[in-house]
Number of protein chains: 2
Amino acid sequence: MEQRHRVVILGGGFGGLNAAQKMKRARVDVTLIDRRNFHLFQPLMYQVATGSLSPGEIAAPLRGVLSRQKNTQVLLGEAADIDPDAKRVILRDGAAFPYDSLIVATGSKTSYYGNDEWREWAPSLKSVEEATAIRHKILYAFECAERAETEEEARAWLTFVIVGAGATGMELAGALAEIANETLKNDFRRINPQEARILLMEGGPRVLPAFPEDLSTKGEKLVSKLGVEVKKNVMVTCIDADGVTYKFGDELKSLAAKTVLWAGGVIATEFGKKLAERTRAETDRIGRIKVNPDLTVPGFPDIFIVGDLMLSLGEDGKPLPGVAQVAIQGGAYAAKVIRGRLEGKKDVKPFRYFDKGNMAVIGRAAAVADIFGVHLAGLFAWLTWLFVHLIYIVEFQNRVLVFVQWGFEYLTFSRGARLITGDAATDSLDRPAGRNIKSMGDGR
Amino acid sequence: MEQRHRVVILGGGFGGLNAAQKMKRARVDVTLIDRRNFHLFQPLMYQVATGSLSPGEIAAPLRGVLSRQKNTQVLLGEAADIDPDAKRVILRDGAAFPYDSLIVATGSKTSYYGNDEWREWAPSLKSVEEATAIRHKILYAFECAERAETEEEARAWLTFVIVGAGATGMELAGALAEIANETLKNDFRRINPQEARILLMEGGPRVLPAFPEDLSTKGEKLVSKLGVEVKKNVMVTCIDADGVTYKFGDELKSLAAKTVLWAGGVIATEFGKKLAERTRAETDRIGRIKVNPDLTVPGFPDIFIVGDLMLSLGEDGKPLPGVAQVAIQGGAYAAKVIRGRLEGKKDVKPFRYFDKGNMAVIGRAAAVADIFGVHLAGLFAWLTWLFVHLIYIVEFQNRVLVFVQWGFEYLTFSRGARLITGDAATDSLDRPAGRNIKSMGDGR
């Protein structure tokens, strides 16, 4: 048998999975390598963190999705290094995978802006583990408030701070408000969950900075109506066991809060850095690699970068954002270029991102959406959000389940996945508050 | 306000939760204390372990279940000690809870028959964490087999041993066979999952020892038909990273198996031991406490024991088994006795267990059931099992979801919750096989 063109894809997120699927009928051998055995529907992660969905409901096993695609194999492994001249990717366990074409879709990780020690106190929403750690933190805080010995202690347990008012921050804040005001309404005897204080802190002058200004205004109004306190132009200077310290103008303030959630920015992963180093590629402040118009790394026409790691400029001259649509379209484009080259096509059109719009959900029947320049806020934006997300969830099964779960929740305000699990479920009753995020994430 | 009769319930499993619910209209103050914030539908745990259901789908938040029961409060905490003379329970964090009546429903934990070091290599099915650790182990084994460098290594990854052929062992073996033969059928390129070897080891002379002999025979036939090798009269003498060593007659044999699951016996928890010590109560070999006919501890008429910790003899003179029905009926009985005492009733009838039957599911359309002396095996037993379990699942929402999930799975052989999560999802690629059960349980 002839040796077919070998395509290696790193990462099974939106970019990598779509690239693999678009290679279905090509005469190539595809190897998809991911650290995890599942594709995750990231846009619904906040629903796992807030107890609406179980991780299994927003995940689809990569092998399952690709099982009928005979030219494709899936491997569990983590890319650690690359030799772009020998055309080989090296995994963490030392195994080397030679490629003819490489699609790098390894994504990004959470950036604490150089303060990695904050991670212990303020988990972000990047992995399933962190999402369940957040779920644990939120539910556990109410439990501790119920058992608190002083008013002050109870208050600290009932104060929730979300740092970053992008789409993720808004979604978390809105869901948290709903948990406090509705889901847990009748569940406690000593505390009143509705007295929980939820603060959304943003460094910039407005919430939802990626949206047009009028939607920022409407978004802030919607989230405030749910009882969330929005603080703009604040700079967080410290996060620890006791809460948050932040600067507002010249003032330095401290807030006692046992639960802090991080919805800040992202940065390149270790492998992304390695790749930039090995290819001497140009990167931006957050480590994204500048690519050619055909999404290849300058000087290495066989290496494509798609998704969060890719620095590609849109028509407005601004870098394309790290959202699912950019990754999906980038993955499909890279697959098309590879297929075209094999067929001997010469004229490759540059990648053009087709912006279908931008949405953020804030609460029940409340969202903002910017679709082809049409600005929506409130119920209709929410219905649009609902429709789009149901359509996109990868596996049919999950789509049905999520729909049932949501329908039930909408009618009853209940949340189905309210588990506090892991060693820390009980251990941490004896420990300083908020510790052990990692073990707190056990068990979902 | 007058001080009402204080009922403290330890444990929110079948026994404790039912006791609490049966106290709904009583003029008492109920405090339900559990280490977890959720009630778990234990009989379906094996479906979490085998990737059919998410933990959230078999769990119901205790606060949610009891939120409308105004005389009841739920607290997150773990009982560590008891002072039966001062009538106080002491939690692990030092907090003391005085009671007028106490219902102990703290259950049991897995017994490794004195070989606790086996736990690291052979998780059992007692907690959500362990169930997801098992899920991880099973799925991960196939991934490693796919990447194995030698035939021998692949073979060890594709060999699964289940120790103990009671209902849990049979359920695990059957589900595992289905995963290998159907779910993963098309998912790999180098290995053939259908070549996986699944062994079910039992110390006694027959499987399902708690069932009548003819059902043992039928059960063994059903599970063998799925491709499971049943080994009876074997004594496991060692479990470690490489596999299992066992005695069969005078022979000592070793089997290379990277995945070993423990479906052995149970033993009293630490609190159970403490309670026996403080009340000088009689216990049996596995630490169960002998109770009076009214389920109270001899000499302490205000302390009831229900569920797995209770040693109470049935009409046949044998101890009642550690199954959900015994706990449910015991909990309801204890609540009734307490209510009766408050109303001044003197003649308390002794507890009588009403045996509704015993069931074990083996695979698709395959189960055995012993219902009021009627012995069923095969499809009809399975339909009965399905019906009974759907009815019993605590929360309506979960019932619907489980039903949708099962329906889909039955039609497609797919499994919705096939996540390998936790630090170890990637870390352990570099580590000795099977290590780190604890961290492997992260993320579900």
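Me: Which residue forms a salt bridge with A:Arg36?
Reply: In this predicted model, the side chain of A:Arg36, which is buried, lies in the loop between β2 (28–34) and β3 (38–40) of chain A. The closest N and O atoms of the pair are 3.2 Å apart, and a salt bridge requires such atoms within 4 Å. The partner is A:Glu129.

Me: How many residues apart are A:Arg36 and A:Glu129?
Reply: A:Arg36 and A:Glu129 form a salt bridge, and both residues are buried. A:Glu129 belongs to helix α4 (residues 128–147) of chain A, so the pair links distant parts of the chain. The separation is 93 residues.

Me: Which parts of chain B are tied together by B:Asp302 and B:Lys87?
Reply: The side chains of B:Asp302 and B:Lys87 meet in a salt bridge of 2.8 Å, N to O. These two residues are 215 residues apart in sequence, so their pairing ties together separate parts. Those parts are strand β21 (residues 300–305) and the loop between β6 and β7 of chain B.

Me: Is B:Asp302 buried or exposed?
Reply: The relative accessible area of B:Asp302 is 11%.

Me: Are B:Arg352 and B:Glu315 buried or exposed?
Reply: B:Arg352 and B:Glu315 form a salt bridge, with the closest N and O atoms 3.3 Å apart. B:Arg352 has a relative accessible area of 62%, and B:Glu315 has 66% relative accessibility. Because exposed means over 50%, B:Arg352 counts as exposed, and B:Glu315 is likewise exposed.

Me: Which residue stands opposite B:Asp83?
Reply: Strand β6(B) is joined by 4 bridges to strand β7 (residues 88–91) of chain B, and the two run antiparallel. The residue opposite B:Asp83 is in β7(B). That residue is B:Arg88.

Me: Which residues make the nonpolar surface patch of about 310 Å²?
Reply: One member, A:Leu379, is found in helix α10 (residues 379–392) of chain A. At 49% relative accessibility, A:Leu379 counts as partly exposed, and patch residues need over 30%. The patch is made by A:Leu379, A:Phe380 and A:Leu383.

Methods: Residues numbered from 1 in each chain as written. Chains lettered and ligands numbered in written order. Predicted model: local features only at pLDDT ≥ 70, side-chain atom pairs only at ≥ 80, totals over all residues. Heavy atoms only, no water. Patch = residues over 30% accessible without salt bridge, like charges linked within 9 Å, V, L, I, M, F, W, Y side chains within 5 Å. Areas by Shrake-Rupley, 256 points an atom, 1.4 Å probe, with all protein chains shown as cover. Buried < 20%, exposed > 50% of the residue type's maximum accessible area, 1.4 Å probe, protein only. Pairing = 2+ DSSP bridges.
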